[in-house]
Every structure is written in C-alpha cells, then in structure tokens.
Amino acid sequence: MMNKIWASFIIVGIVYGFLTGKMDIMNQEIIASGNETLNLFMVSAPLMVLWSGIMQIAKDARLLEKLAKMLRPIFKVIFPDLDEKDEALEYIASNLTINMLGIHNASTPFGLKAMKALQEKNPKKDTASRSMITFLVLNTSGVTLIATDILAIRMMYGSQNPTELIFPTIIATVVNTCFALLVDRFLYRRSVKREHH
Amino acid sequence: MSTISNYFIPAIVFFVLVYALRKKVNVYDSFCHGAKEGILMSIEIFPFLMAMIFGMNILLKSGFITDFFSLFRPVLEMFHIPVEIMPLAVTRPVSGNASFVVMIDIIKQYGVDSNLGRMAAILQGATDTTIYVLSLYFGSIGIKHIRYALKAGLLTDLITVIMALLLVTLFFA
C-alpha cells in the first residue's frame, strides 16, 4: 500500500506544481528535503535515545508488567467476551502500556501477538471478532502520555514552552479513547440486532 | 495550565528511577543499554523519515492539498473548523509518518506557538494511525471482513479533531 501512496504523492505533486507554475519551488524542495530530514534527526534522535534509556530502566524493573496487571480489572469491563486469565489480555496490556509511554515501534509485536491469540478463539476465521475490534479501536485511539517526537519538533521550532501541550494532549487522548469504547459498543449492539432481523 | 504539563516528564523520570532502585535494578547500566537500543532504532527509521519528508513535501509545496481543501472552506467555516488543519486531519488516520510531516509544515507556516501549531501537535499526539494499524493487525491473521472496525476508528479520529480544536481554545485563547 505504502508503495502506491508514496509514489502518488510525488507524481501528483510534480504534475500539479508544473500546471500551476511552481517548478522553482518544487526544485528547491527536492534538494532541501535531505537536509531537512537530517536537521529533524539531529533534534529528535537525542530525545528518543534519552527516553529509550529511561524506558529501559522501567522495563528492567518490571514496571510495564506491573502497570499491565493494574489494567486487569478495567479489562473485564472492556472485553466482556474474554476470560480474565486469557493470554490475549496480557499482550493487549503490554501493547497499550508501551504505547502509553510513547515507544510505538516496540508495541507492535505485542499487538500482533494479541491478535493471534484472539484469532485462536475466533469462530469465524475470516471475520473480525468483537474483542478484536475493541482492541483495535483502543489501540488506534492511542493513549500516549509523552510523545517525544512531537516534543522534539516543538523544541526545534523554538517554542517558548515545548512541554505545555502534554496535559491537553492527555485530556484529548483520554476523551477520544472513552468515546472509541462507546462507539465500539454501540456499533457492536447494532450489528447484533441486524443479524437477528 | 502549562505548569501541570511541565511536571509530567520529571515526575515519570523520578517515579521510574525510585521504583527501579527499590527493585534493585542497576539503573545506570539499564539506562545505557536502553539508550544504545534507542540510537540503533533512530538510525533504522531514518530512511523512512527521509522518504516521507521527501514525498510529502513535494505534495504540500505543490499547493495541491491546500487548493483542494479551499474548495470546502465555506462548509468548514460553518463548523468553525480552520481549513488549514484539514491536511493533517485527513492524513493522520492514513499514515503516522505522513501526518508527522504535515504537522511540521503547519508549525513552520503558522508558528509553533500559534493556535494552529498547537492544534496540530495535539492532534498528532492524541491519536494513532487507524488505517495503517487496521490493515497491519487484521492482515497479519488473515481477517477479510472487518465489520464496523473502520467506522469506529474514523469516528474516533473525528472526535480527536474536535477535541484538539476545543482544547486549544480552552487552554490558550
């Protein structure tokens, strides 16, 4: 998918730029984008390295497992179809806690394992189960406490207070996650009703 | 309100450190080990970042996206949605890297401490890429019928846009 999207960005951009007479800007942009990436790297990489270090301490202290355990009682309400001891819940908890701490690349393996565990109990193998969809909306609504890449950008462009958005972002992400769970439940009920008719 | 935000990072660092010390973790070694992994990871994503900045910048600078959304300006203004945020609102569910570049572009154009710049940062930070995660996670186990998953995901993204708008006006008006 990425293949076609990326190519179409460039082709549409160049053709449209040509049609609207912006070839000079396009030319500059192509040459400058290498440098821009490097500048971005120089600001975001140190922050990412620092945060990975701190998160490694959390991992070695088994703090992630602890947080995941604390999520258990909430999961009983969110995933009514799953048994409390289901191994899928363990993976889901790890996936969400890692996301929360802003290390997205590290959370994907747990997400995939969770899906695999859910698939084992799925009666219709080509159709998404209720728990799968709930996990998916929970994951994509994305509860993130600290997004280091955004912080880096705000530093790079000289914000007076780069961290001032952490609290509003947490509010936004908590509200949208609650909303995601409500929508998920509403759409599930509706789909069940439809099957009965 | 920004003072609350400023407490988060020191608080997490402090809490993690004290917790780990009580668990008898060699925190210095752990930190260095994690930092080493972090540097490898940031080098690993460098080519992807460059590909996205390159492709997305061409599209953005051609004016195609801006011109496209200008067509919807009257409708958007009716709902008090700034037309400038739309490129981010539509790329956010598709690709995290692409929307990251769009966010940078908004910050560059309108200023990092402008309300548009703040809105962009909140929107980028408060949600994840619905379509990418959906295709990756469901694809990995061979799900073909996704039922209401996409609808639920996109409705949530819409709420995030509205939340970003509301919160910026609430905190920084």
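Tutor: Axes here are lines fitted to C-alpha atoms, for helices over the stretch in contact, with angles from 0 to 180 degrees between N-to-C directions. Helices are DSSP runs (H or I, at least four residues), numbered from the N terminus. The model is predicted: local features need pLDDT of at least 70 and side-chain atom pairs 80 or more, while totals for chains, interfaces and linings use all residues. Residues are numbered from 1 along each chain as written, with chains lettered from A and ligands numbered from 1 in written order.

Student: At what angle do the axes of H6(A) and H9(B) cross?

Tutor: Roughly 25°, and the axes of H6(A) and H9(B), residues 149-172 of chain B, come within 10 Å. H6(A) and H9(B) are therefore roughly parallel (angles under 35 degrees).

Student: Which residues of H6(A) and H9(B) make the contact?

Tutor: H6(A) gives A:Ile133, A:Leu136, A:Val137, A:Thr140 and A:Ser141. From H9(B) come B:Ala149, B:Ala152, B:Gly153 and B:Thr156. Contact means C-beta atoms, placed from the backbone, within 7 Å.

Student: How many residues of chain A are in contact with chain B?

Tutor: 84 residues of chain A, against 84 of chain B. H2(A) supplies the largest share of chain A's side, 22 residues. Helices H1 (2-19), H5 (104-120) and H8 (166-196) of chain A are among the others that give two or more residues.

Student: New topic. Where do the domains of chain A fall?

Tutor: Domain 1 of chain A is 1-61 and domain 2 is 62-197, bounds taken from an automatic or database assignment. Their centres, over C-alpha atoms, are 27 Å apart.

Student: How many residues does the contact take from each domain of chain A?

Tutor: Nine from domain 1 of chain A and twelve from domain 2 of chain A.

Terms used. Contact = placed C-beta atoms within 7 Å. Parallel < 35°, antiparallel > 145°, perpendicular 65-115°, else oblique.
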